[in-house]
Every structure is written in structure tokens, then in C-alpha cells.
Amino acid sequence: MELKGPRALSELLGRKVVDQSGRKLGRVREAKAHWEDGAVVIDELILDRGGLRRRLRGPGGPEEEAIPWEAVVELPGEQVVVHR
Amino acid sequence: MRAILKIALGIIAAIGGFLDIGDLVFTTQAGALFRYDLLWAVVLGVVGIAVYAEMSGRVAAVSGRPVFDVIRMRMGFGMGLLALVASTIVNLLTLAAELGGIAIVLELLFDAPYGMFVFASAIALVVIAALLPFGGIERFFGYGGLLLFVVVATVFHQNPDWGDVGRGFIPSIDSSTLYLYFVVGVFAAALMPYEVHFYSSGAIEEGWTEKNLKENRLNAIVGYGIGGILSVGLVIVSGYLFHPIGVQPDDLGTVALPMQGAFGETGLLLALGGMLFCVGGAAIDSSFAASYNLAQFLGWEWGRYQGPRKAPRFTASWLVFLLLGIAIAESGINPVDITEYSVVLAVVALPLTYLPVLLIAGDRSFMDRYANGRIATTLGWIYFAVIVVLALAAIPLLLATNAGGG
Amino acid sequence: MKAEGDIYVVHRLLDEQICDSEGRRVGRVDDVELSGDPPRVTALLVGDGLYPRRLPRRLARLARRISGPERWGANALRIPWEEVDELTSTVKLRKKAEDLGLGMGDDPAHWIVRRLPWN
Amino acid sequence: MAALALVASGCGDLSNDELNRGVESLSALAAQGQLVANGVARDATKTTYARAMARTLGEQAEHEAEKLADATLEEPGTADQRHAAVAVAGEISGLLSELQTYPGDERHGELVEKHLGEAQEKADAIVAQLSGDAP
């Protein structure tokens, strides 16, 4: 299995997100992180419209569905495989 | 008194930037073809540019971020790059058209070959930009452009049927494609994107902060108001003189004819002089806008206030853009034709410029209590919708009407 | 750097203007280096070598073919996350640009020789 | 603009519509020429301006003449009108070149203005014939 951690943000953005049965869930548009002792740690991937909305408008407004990082199984090729 | 002097920023953006060769030509043609019928489109465009200029100036003053900075930040690299390429093409075409315009006016004043004047005017611009500080450049072109008030005097001298003029301000839609093309053209010429690129960067050149917000609003209203009055005047004088006898103004020289008709040589010289400053100011604006955009997109140090030593890439890019502008202008393409294409292409670049401005200006995390209020938000989104519709209509109209050639 | 709460990384960090400790504009956040699981931000990446990968996927492949095989970090600078002072309306660094190898393009001593726009 | 129109029309065949438009723009050129000549006649202009304007307008008239003369007619019934239009175009460009030569002479200005007025009337008459002939 490929190393799970991505090396750069650009590697995540635009990737197709699929579940283990290969069903497409969307594309990564934004990543939500939290501050931890001065570091920024990613905890969610936000897809499609919700992600674009966050990218343009930032925090606030209604919550959208997101993929928690723990659900990410692997990052083969140009995909993100999640388990749900 | 100081407050009056400070409005110069708005005035140059309005006169030197707003009333450029595109406006001069489009408004005169609009008057000749449709008499006063398109006055409403002129007003629509002026209010639009005032709304967005105010917004971009406010964003720059509060957050210190000019328009292309905001574009890269919000639209990201890919869309930002698209906006950069589109804006740069439009700005370069505009610059070339303005350089050509300066040369035409000089040709009319001094009767020497056009090609020579393109070079001479570009050199004059370099000298002016190198010697004068940013504020001085603004005032030089802004105050010079006020000579064009002779247009307003001409309106009163002609004393048109004011009822007819008044009816022109009521929006009307004629189904002919030529009419629609001119609606798009007049509107787009008013909202040329380089105006906000230049205006917002100018706010940072001048070191604006929250304290300058009142001035910003005044600039947008008074400055673009003046530009609007002059545009309206141009439509009226042209509609009054040219429409009945069927003149088709295809040249910059024709724009000055009504003023000669009213006030003889004095009127002519005032009109040509005013046009020279306006077009010259627009050449400065569009060339600076091109380098501001590039530098801001790539994160370079930029600004006339930094001087060439602190911002060498910015300065070098400005010179390169100027050279490219000269090359296009010298290629012998009629500046008026370049203008028509650049104005219509500009509409396509407009949504990419104005959406991020609108988003940031409404973003409380950035703008805090200076974020867009209800009026600015409403007007902003209404105009954005209009821009998107026109952007979609622009290219088919350009092709269908053969660039207004009928 | 001390900060709390959530942060949307693309919205807040990617493509931001970077300024050094003296307020000079020295580049933009062209990419963000991540490492670990869950990934954390370990550095900001700056440089035109990163532009191809920032394009939409299909264009990126084309750009890569045109610009030759893309190497990791080619012509890019890494600014360790520890060097970031604060995120205000820009990304502010703790040090001067020279000390991080940034902003050479606007350094008069360098740009004339190496970085004319047409080079 | 004229150049663009030429490119778009493929510069081969001349439809009735295009002939009509060509003559209309001749009329427009004559109208504008009259305004310039009027400035000269009243000594209310700058000679450089009058000269440059006369030159530009004259070039456009010549261009129209060439365009009208070179193209093959789509509708053969309009040959007379085309012939007349070419003649008017020549007349207009001649008058404008006179204005270009004497941009400071009031008497010339007056004459050119008057003759351009006549030329415009001729052009308008052709337009009227063409639209009368149109089905």
C-alpha cells in the first residue's frame, strides 16, 4: 500500500474521492484543519460544491458534508479511497 | 482644499481611466446611430463602475489588498491564471489602442505621420511616469482631462429638445442586434477591468487606510460622476449633430467635430486637448494595470512608490508591456478597431475580476465592520448578474454585427 | 505561532501573499507541504516550478509534457512552517527574505544578471 | 471598420444589401466632410485638423469606390446604381482631396461644402432607388 500521507496540498486538490466499492463521491476542493500547538493539522476533506463554497467564503454558514481524515484508506494514483 | 486635491485619484480614474478611447468612440457612435436612445446604458455603466470602484478601493484601504491579489487569493491559481491571461490581453489591446489614440490626436493637432507619434507618445509616457510621483501623474492627466468639459458647454450651446434627451434615460430594448451590441459596448466601455485594477492599486500606492474611506466613496461618486456627465454629453452632442445627417463616426477625430461646430477653433482645441489627456491617462492606467496584475498574481514587490530599485521586476514588466503596446499600435491596425475588440473581450474578463472583489468586500472576517452593507451587496450582485449575462452575449453579438460594422 | 479553532487551508493559506519580516512582498504560497498521518502543514512552498501542478489536472499533464519531466521541488523554495510569524491579511515571516533565500527576483544585485523577465 | 466589413464580406460578391450599405456610408462620409468643410469655410478650425480629417475621409471614400467597383454584382439589375455610386465616390474623394490641399482657404471650404452637399444628395437618391427596387 502506498504511503497514506500526501506530500503537498496540490496533490489532494481535485482528486477523485471513491469509496471502497469504487463509487465516486466527488472531488476534493478544500481541506479543513485545526490548530494544534502552532501547527496546522488536517482533519477533513470537503468535496465539490461545499468545498468550493468554503474556498470562496471561508468559515460560517451552514455545515456541509465532509470526509473525516480517519476515513481515508489509501491514496492510489489520482484517487482518494475512503471507507464508509 | 486638501480634500479637493485628494479627489484627484478619483478624477484620473474617472477621466483618464473612465473616458478612454473606447468611451469616446462608443458614446459618439451610439449617439450618431441611435441619437439619445442609449443614454440609459451609459448611466447603467457609470453606476456599475462606481459601485465596483468603491468596493475595490474599500477592500484595498481596509485590507491592503488590490484586486489581483484578491483574485489569486480567492479564485486560486488556475482560475486566477485565466483571469490574468484574459486581463493582460485586454489591457495590452487597450494600451495599444490608447497609444494609437494619442498618436491620432497629435496627428490632428500637428499633422505629422502617425507612426512617429506612437513612439513619441510612448516616450513621453515613460518620461512622465519616471519623473512624476504617483500623485503627480494622476493630477497631470486628471486635471488636463477636465478640458473636455467643453462637451457639456456644447450641449447647452446646441440646446437640444430636452424632452427627447430625458426619454433617452428610460431603458428601452430595441431588438436589433446592432442596438444590443451597442448596449454591451457602452456598458463594457464604462466597466473596463483595468479601471479597478488601477484604482485599487492606486489606493495602496497612496497609502490608504480606513481613514480614507470617505474619500474613497467621494472619489467613486464625484470622479465617475464627472466621467458619466462627460459620456452623457458626448452621446447628446453626437446625437444632436450626427444623427439627423447620418454621419457614421469611425474615427477619433470625428469625436471633436461637434465642439468645433459650437465654438470654432477654441472648441476644437479644447476637445482635442481634453481627449489627449484622457487617452494619455488611460494609456498610463492600462499599462500600469497590466504590471500591477502580473506582480500581484505572482507575489512580486510592486508599486510606483517603491521605485525601480525596490521593485525591479514590476518596473521591467511595465516597460515590456509598453513595448508590446507600441508594437501592436505600430502594426497599422486602426486603434478604433482594436478598441472595439478589446472592449468586447473585456466583458468576458469582467466576471473573473468582479466576483472576487464582491466576495472579499462582503467578507466580514476580512473587512470587519467595513464589509459591504445591504445596498452595496444588492447593487453588487445585481451588477454581477448583468455582467454575466452581457459576457455571455458579447461574443455572439460581436460576430453577428461584424463589430458594429452593420 | 499561536492560534486556535478551525482553519480552511485552501481558503486561508494557499495562494496567499507572503511578506518578510520587513514587510516586503516576497512571493505567494504556491503550494503547501504536508507530512504525517493525519497530514500536518510542515512548510510553505514558493516558486514557479510549482505552477504546473497547480493547474487543473488535464492542463497539468499538458504543462508537464511541455516543461519536461516535473521533479519534486524543482525550482521551488521551502519555507519551514516554524518561520511563519503570523497569518494576518498576509502570511508574515519571522526573518528577512534574504535569510530564507526568497525575493531574489526583486533583489537588485540578482535580478539584473539572472532574472530579466525574458530570460 | 471598413476593412473589417470587407474581410467579413469575403470581398467577392456584392449583394443588394451591401451595395446599399456602401452607398449609405458614402452619404455619411459626404455629411461628415461637409462639417469639416464648414469649419474651413467659417475659419473656425485648425488647418492641421481639417487636413488630417479630409485625408482620412478621402481615403475611406476611395476605399468605398474600389470596393464598389471591384465586386461582382449578385443582382444584375443594379448595375446602373453601382456605376453611379462609383462616380459619386470619386467625386467625394476628389472634393476631400481639394479640402486637404487648401485646408486654410475659406472660399475653397465653402465650395467644397456645397459640392459635398450635392454629392450626398446624389448618394441618397441612389439609396432611395435601391430600396425602391428591393422586393
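How do H17(B) and H19(B) run relative to each other, roughly parallel or roughly antiparallel? Keep that in mind as we tour this predicted model, where local features need pLDDT of at least 70, side-chain atom pairs count only at pLDDT 80 or more, and totals for chains, interfaces and linings use all residues. Residues are numbered from 1 along each chain as its sequence is written, chains are lettered from A in the order in which they are written, and side-chain values use heavy atoms, without hydrogens and water.

**Stop one: two helices.** Select residues 335–361 of chain B, helix H17, and residues 374–400, helix H19. (Helices are DSSP runs of H or I, at least four residues, numbered from the N terminus.) Their axes, lines fitted to C-alpha atoms over the stretch in contact, come within 9 Å and cross at roughly 150 degrees. H17(B) and H19(B) are therefore roughly antiparallel (an angle over 145 degrees). Now show the side chains: B:Tyr354 and B:Leu355 are among the H17(B) residues that meet H19(B), where B:Phe384 and B:Trp381 are included.

**Stop two: the largest core.** A nonpolar core is a set of buried Ala, Val, Leu, Ile, Met, Phe, Trp, Tyr and Cys residues joined through side-chain atoms within 4.5 Å; buried means under 20% relative accessible area (1.4 Å probe, protein chains only). The largest one has 191 residues, and B:Tyr354 and D:Ile92 are among those with the most contacts inside it. Helix H5 of chain B, residues 67–110, gives the largest share, 23 residues.

**Stop three: the chains.** Color by chain: A and C share the most contacts (heavy atoms within 4.5 Å) of the four pairs in contact. No contact joins chains A and D, whose closest C-alpha atoms lie 42 Å apart.

Note on methods. Buried means under 20% relative accessible area, exposed over 50%, partly exposed in between (1.4 Å probe, protein chains only). Axes are lines fitted to C-alpha atoms, for helices over the stretch in contact, and angles run from 0 to 180 degrees between N-to-C directions. Angles under 35 degrees count as roughly parallel, over 145 as roughly antiparallel, 65 to 115 as roughly perpendicular and the rest as oblique.
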